[in-house]
Amino acid sequence: MASTHSHPGEQAAQDPIRLLAIRDTPLTVDEVFRAVGDDAAGGTALFVGTVRNHDGGADVDTLGYSSHPTAEAELRRVAEKVVSDYPVRALAAVHRVGDLEVGDLAVVVAVSCPHRGEAFEACRKLIDDLKHEVPIWKHQKFADGTEEWVGV
């Protein structure tokens with residue numbers, strides 16, 4: 001079957017899902033950014049989620065993330081759907097679990113595509129679906145001594 005692409009660089013990447021992980025060690029933007037490097041990509045979009053110092057009008061001291069044993073499989077399913085819906089050259093997503101403090105990186109995702117608009121859209125879809133569909137829960141501890149589970 002003949003290729004419909006006019007340049008070999010436009011052909012689909014062998015495996016565009018380059019990095020997926022749920023881990024209890026600190027995350028780095030550099031690792032995720034390097035994972036989505038692709039010479040055929042004209043646009044790379046990256047999202048970094050950090051622990052903020054407030055939520056719902058209350059001061060956050062610390063928070064912890066926990067995940068279901070199926071979380072990595074669900075993350076892969078979400079990533080595969082993004083790859084099937086967008087012209088993704090490379091995709092990476094890592095989410096932290098365990099105890100985090102204000103300012104820590106909680107999630108880093110990136111997508112590279114042939115064009116910037118596609119990269120923005122695919123990255124937004126990736127982070128939105130990760131947050132809604134992957135079973136990862138947040139336990140926030142507030143300065144006033146109260147606590148809250150989010151996503152349960």
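**Close-up 1. Where helices H2 and H3 touch.** Glu-74, Leu-75, Arg-77, Val-78, Ala-79 and Val-82 in H2 meet Ala-122, Lys-125, Leu-126, Asp-129, Leu-130 and Glu-133 in H3, contact meaning heavy atoms within 4.5 Å. The residues of this contact comprise seven nonpolar, no polar and five charged; Ala, Val, Leu, Ile, Met, Phe, Trp, Tyr, Cys and Pro count as nonpolar, Asp, Glu, Lys and Arg as charged, and the others, Gly among them, as polar. This is a predicted model, where local features need pLDDT of at least 70 and side-chain atom pairs count only at pLDDT 80 or more, while totals for chains, interfaces and linings use all residues. Residues are numbered from 1 along each chain as its sequence is written, and side-chain values use heavy atoms, leaving out hydrogens and water.

**Close-up 2. How H2 and H3 cross.** The axes of H2 (residues 71–85) and H3 (residues 116–133) come within 10 Å and cross at roughly 150°. That angle makes H2 roughly antiparallel to H3, a term for angles over 145 degrees.

**Close-up 3. The largest pocket.** About 440 Å³ of space lies in the largest pocket. Its lining has 23 residues, and Tyr-65, His-95, Lys-131, Lys-138 and Val-150 lie nearest the centre. A pocket here is an open set of points on a 1 Å grid where a 1.4 Å probe fits, with protein on both sides within 12 Å along at least five of seven lines; lining residues have an atom within 4 Å of a point.

**Close-up 4. Who builds the lining?** H3 gives the most to the lining of the largest pocket, with five residues. The lining residues divide into twelve nonpolar, six polar and five charged.

Technical notes. Axes are lines fitted to C-alpha atoms, for helices over the stretch in contact, and angles run from 0 to 180 degrees between N-to-C directions. Helices (H or I, at least four residues) and strands (E, at least two) are DSSP runs, numbered from the N terminus. Angles under 35 degrees count as roughly parallel, over 145 as roughly antiparallel, 65 to 115 as roughly perpendicular and the rest as oblique. Grid points are joined across faces, edges and corners, and a volume is the space filled by probe spheres set on the points.
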